[in-house]
Amino acid sequence: MIHAGIGYDVHPLTAGRKLVLGGVEIPHRKGLEGHSDADALMHAICDAVLGALGEGDIGHFFPNTDPRWLGAASKLFLQEAARQVIFRDGRIINVDATVIAQEPKLMSYAGAMKLNIAQALGIHPKKVGIKATTNELLGFIGREEGIAAMAVASVDLPDAT
Ligand code: MG
């Protein structure tokens with residue numbers, strides 16, 4: 001049975017932080033604020049995979065009050081989501097995501113992001129879609145106050161699990 005999941009995440013942009021998206025450190029004058037490395041793209045994909053399982057979200061597995069995840073590389077979260085799929089005898093079919101950022105331009109990093117995400121999930125990079133769009137200067141994303149990401153995942157699960 002094919003199960004679909006959806007994920008969304010947003011983090012504020014702030015000076016003095018690294019900008020990490022899809023596990024790629026991207027040169028920029030601001031970075032994303034958060035308890036972990038604040039990789040909104042990986043977080044959205046993580047929630048999409050967990051959502052396809054009907055499981056709790058990333059905050060359930062990795063509370064942002066837990067000092068273990070302070071500054072953590074978000075690939076750890078994707079690895080755990082992939083483990084949850086395996087526990088259920090499932091198989092990730094694909095994930096697809098869009099990053100919404102006014103700046104910087106991201107598509108030149110998409111290949112490296114796909115590799116990192118595929119590796120963390122244990123799937124082929126061709127099963128990972130990464131797209132980027134601006135917010136047409138509108139709202140908090142348009143004012144470069146934050147970056148958002150949305151993702152879907154499809155997971156093949158045995159019947160009655
Ligand atoms: Mg997050």
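This is a predicted model: local features need pLDDT of at least 70, side-chain atom pairs count only at pLDDT 80 or more; totals for chains, interfaces and linings use all residues.
Helices here, H or I with at least four residues, and strands, E with at least two, are DSSP runs numbered from the N terminus. With that, Glu 144 is placed in the loop between H5 and strand E7, 146-156.

Glu 144 has a positive phi, about 60 degrees, although it is not a glycine. Is Glu 144 buried or exposed? Its relative accessible area is 15%, and the cut-off for buried is under 20%, so Glu 144 is buried.

Glu 136 also shows a positive phi without being a glycine, at about 50 degrees. This residue sits on the loop that runs between strand E6, 128-133, and helix H5, 139-142. Exposed means over 50%, and Glu 136 has 63% relative accessibility, so Glu 136 is exposed.

Pro 104 belongs to the loop between strand E5, 91-100, and helix H4, 110-121.

Now the side chain. Asp 39 is in the loop between strand E4, 31-32, and helix H1, 40-52. Asp 39 is buried and has no salt bridge. Where is the nearest side chain of opposite charge? That is Arg 17, 10 Å away. What does the side chain of Asp 39 reach at 2.9 Å? The backbone nitrogen of Gly 22. Setting aside neighbours within four places in sequence, Asp 39 is in contact with Val 20, Leu 21, Gly 22, Gly 23 and Ser 74.

Note on methods: Residues are numbered from 1 along each chain as its sequence is written. Side-chain values use heavy atoms; hydrogens and water are left out. Buried means under 20% relative accessible area, exposed over 50%, partly exposed in between (1.4 Å probe, protein chains only). Lys and Arg count as positive and Asp and Glu as negative; His and the chain ends are not counted. A salt bridge is a side-chain nitrogen of Lys or Arg within 4 Å of a carboxyl oxygen of Asp or Glu. A polar contact is a pair of N or O atoms within 3.5 Å; within protein, one must be able to donate a hydrogen and the other to accept it, and residues adjacent in sequence count only if both atoms are side-chain atoms. Contact means heavy atoms within 4.5 Å.
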